[in-house]
Amino acid sequence: MEIKRVTAREAGDVKMLRRKPTRLELKLDDTEEFESVKKELESRKKQRDEVDVVGAATSSEMSDASGGGTDGKTREQMIHERIGYKPHPKPNTLPSLFGNLQF
């Protein structure tokens with residue numbers, strides 16, 4: 001008994017149509033438009049950063065004036081304290097793992 005290998009074309013499968021590659025052209029107008037949009041986005045970002053810096057400075061001045069200083073804590077520490085996150089691991093002792101079990 002002989003096994004014959006059958007190609008896709010012989011099996012009657014549909015042949016895919018091949019399309020010619022699409023040619024993309026970059027025009028001078030396109031590059032100018034890209035540069036103008038890029039500059040506009042950068043200027044917006046710069047303005048937003050300046051507002052954030054000024055806003056942060058005024059909020060810290062207001063908290064200092066009201067007596068609510070940061071006590072030398074970093075922003076990350078203040079966030080952790082606010083949400084109750086304690087990044088320090090607990091020691092692996094039996095009471096910490098199982099609680100105070102009494103038999």
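1. The side chains of R44 and E40 meet in a salt bridge, with 2.6 Å from N to O, where a salt bridge is a side-chain nitrogen of Lys or Arg within 4 Å of a carboxyl oxygen of Asp or Glu. Because R44 and E40 are four residues apart in helix α2, about one helical turn separates them. R44 is partly exposed at a relative accessible area of 47%, and E40 is partly exposed at 40%; buried means under 20%, exposed over 50% and partly exposed in between, with a 1.4 Å probe and protein chains only.

2. This is a predicted model, in which local features need pLDDT of at least 70 and side-chain atom pairs count only at pLDDT 80 or more, whereas totals for chains, interfaces and linings use all residues. Residues are numbered from 1 along each chain as its sequence is written, and side-chain values use heavy atoms, with hydrogens and water left out.

3. A search of the whole structure finds two salt bridges. E25 forms one with R23, the closest N and O atoms being 3.6 Å apart; E25 counts as exposed at 55% relative accessibility, and R23 is exposed at 71%.

4. D29, D30, E32 and E33 form a negative surface patch, a patch being made of residues with over 30% relative accessible area and no salt bridge, with like charges joined within 9 Å and nonpolar side chains (Val, Leu, Ile, Met, Phe, Trp, Tyr) within 5 Å. Of these residues, D30 lies in helix α2, residues 28-65 (helices are DSSP runs of H or I, at least four residues, numbered from the N terminus), and D30 counts as partly exposed at 33% relative accessibility.

Methods: Areas by Shrake-Rupley, 256 points an atom, 1.4 Å probe, with all protein chains shown as cover. Lys, Arg positive; Asp, Glu negative; His and termini not counted. Charge placed at Lys NZ, Arg CZ, Asp CG, Glu CD. Helix = DSSP H or I, 4+ residues; strand = E, 2+ residues; numbered from the N terminus.
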